[in-house]
Amino acid sequence: MVAAPGENLRVNGDRLWETLMDMAKVGPGIAGGNNRQTLTDADGEGRHLFQTWCKAAGLTMGVDKMGTMFATRPGTDPDALPVYVGSHLDTQPTGGKYDGVLGVLAGLEVIRTMNDLGIKTKHPIVVTNWANEEGARFAPAMLASGVFAGMHSLDYAYGRKDPEGKTYGEELKRIGWLGEEEVGARKMHAYFEYHIEQGPILEAEQKQIGVVTHCQGLWWLEFTLTGKEAHTGSTPMAMRVNAGLALSRIIEMVQGVAMEEQPGAVAGVGQVFFSPNSRNVLPGKVVFTVDLRTPSQEKLDRMRAKIEAEAANICAPLGVGCSVEAVGHFDPVTFDPVLVERVRGAAEKLGYSHMDIISGAGHDACWAARVAPSTMIFCPCVGGLSHNEAEEISKEWAAAGCDVLFHAVVETAEIVG
């Protein structure tokens, strides 16, 4: 029996890496990454593989009505709430091999290592694969964890449509992963999520571990600009109602709003649709999304208000109609200080270099934090590249973060015997 997770205890880094590479064979991309979008056949195949591994590790599988998978290792106290650890297996259309996947399979490695060492804990431990974290096929992102946390209704989630008009509810049934558990019925003692940073800071600072203290708040604002379709060659400049011109001025304005809020704020336009999108026709409609983020609630509210007001001011003198809809949002998150300190302490005990860091991206932990003490651990990624098939980490980085996860999770679940 192991009385406590001493600093000499480590996960099996080779086994973790082999598991990552095996999962990467499911839903391969076209340039070395993965295309395992939510509720596709590839997603179903990845789920079955994960289920097989969980069964071999002695875990029992539960699935809720959003398709989220919960693999449980029992604790010695039947009344103790479980410690949850997880992330997501779904990917972007041109995603990497580690975004989300690292957190799920590192959770599995924690269990495998506990099995190897004969460790028993008071609290059960549950490895979680949240459904539709990416939101690439069914917007918004973090959909299943959002329903779990009460941010969305089940009917709303089931009605989300992909670009082909297929709904989340229909596709969940089609691939055979519609569970019976009520979403959000489970109670958590704590939640841990291990994830690649998706940014360049840890690598640049030469740190092995990111101790995540906060997650930025976010607004996705979808603007629809209504102009007048007209021939680009024969319509005089003074007689145009140019939605494209309004877009260009709004993009510059968004840049300025973010710069005024430095440090600690970002904003930009990453998606634009022109209609009719013809080279010699001024656009009659432009739809685009502004993504703005900051860990400050005050800044987040101020930036949104200013961007919406200034966009209207830009469009009015051009005669361009302007409407806006919020299509994604979460408030800034402060992760549980006890769990954050537990992660920091594990990194120090194990001798890994580390630094506090704020997550620039949204994660399932952001919603989990609304219902239970939660925190995250970051792994460096090469060049900060993510949501790209060229996304890369090292075996050593993956193992180091998994070691920290192992120690923090086991300490929270309380070793017995």
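This is a guided tour of a predicted model, stop by stop.

**Stop 1: the first annotated site**

Center on H88. The loop between β3 (83-87) and α3 (101-117) holds this residue. H88 is buried, at a relative accessible area of 0%. Show its surroundings. Beyond its neighbours within four places in sequence, H88 contacts D99, G100, V101, V104, N129, W130, E133, E134, H195 and D364. Now draw the side chains of H88 and D90. A polar contact of 3.0 Å joins them.

Move to D99. It sits in the loop between β3 and α3. Is D99 buried or exposed? Its relative accessibility is 4%, so D99 counts as buried. Leaving aside neighbours within four places in sequence, its contacts include H88, D90, E134, H195 and I196. The list also takes in Q198, S386, H387 and E391.

**Stop 2: the second annotated site**

Look at E134. This residue is in the loop between β5 and α4. At 8% relative accessibility, E134 is buried. Its contacts, not counting residues up to four places away in sequence, are H88, D90, T91, Q92, D99, A141 and H387. Its side chain also makes a polar contact of 2.8 Å with the side chain of Q92.

Go on to H387. Find this residue in the loop between β16 (374-379) and α12. H387 counts as partly exposed, with 40% relative accessibility. Which residues does H387 contact, leaving aside its neighbours within four places in sequence? They are Q92, T94, D99, E134 and Q198. Display the side chains of H387 and D99 to see a polar contact of 3.2 Å.

**Stop 3: the loop between β5 and α4**

Select N132. It lies in the loop between β5 and α4. Check its backbone: phi is positive, about 50°, although N132 is not a glycine. N132 is buried, at 1% relative accessibility.

Next, select F138. The loop between β5 and α4 holds this residue too. F138 is buried, with a relative accessible area of 0%. Not counting residues up to four places away in sequence, F138 touches T38, L39, N132, R160, K161, D162, K166, T167, Y168 and E171.

Then step to P140. P140 lies in the loop between β5 (125-129) and α4 (143-148). The peptide bond from A139 to P140 is cis, with omega near 5°.

**Stop 4: the cavity**

Select T38, D43, R47, L89, D90, N129, W130, A131 and N132. These residues line the largest cavity. It holds about 40 Å³ of space. How many cavities of 30 Å³ or more are there? The count comes to 1.

**Stop 5: the nonpolar cores**

Select F50, L105, F192, I393, V404 and L405. The largest nonpolar core has 97 residues, and these six touch the most other members. Color helix α12 (residues 395-413). It gives the most to this core, with 10 residues. Now center on L105. Its contacts, not counting residues up to four places away in sequence, are L16, T19, L20, M23, F50 and W53. Another core lies apart from this one, with 26 residues, among them F223, A243, A267 and A311.

**Stop 6**

Select Q262 and P263. The peptide bond from Q262 to P263 is cis, with omega near -5°. P263 is in the loop between α8 (243-260) and β10 (266-275).

Finish at N277. This residue lies in the loop between β10 and β11 (281-282). Is N277 buried or exposed? At 61% relative accessibility, N277 counts as exposed.

Conventions:
Residues are numbered from 1 along each chain as its sequence is written. This is a predicted model: local features need pLDDT of at least 70, side-chain atom pairs count only at pLDDT 80 or more; totals for chains, interfaces and linings use all residues. Side-chain values use heavy atoms; hydrogens and water are left out. Helices (H or I, at least four residues) and strands (E, at least two) are DSSP runs, numbered from the N terminus. Buried means under 20% relative accessible area, exposed over 50%, partly exposed in between (1.4 Å probe, protein chains only). Contact means heavy atoms within 4.5 Å. A polar contact is a pair of N or O atoms within 3.5 Å; within protein, one must be able to donate a hydrogen and the other to accept it, and residues adjacent in sequence count only if both atoms are side-chain atoms. A nonpolar core is a set of buried Ala, Val, Leu, Ile, Met, Phe, Trp, Tyr and Cys residues joined through side-chain atoms within 4.5 Å. On a 1 Å grid over the protein atoms alone, a cavity is a set of points where a 1.4 Å probe fits but cannot get out, and a pocket is an open set with protein on both sides within 12 Å along at least five of seven lines; lining residues have an atom within 4 Å of a point. Grid points are joined across faces, edges and corners, and a volume is the space filled by probe spheres set on the points.
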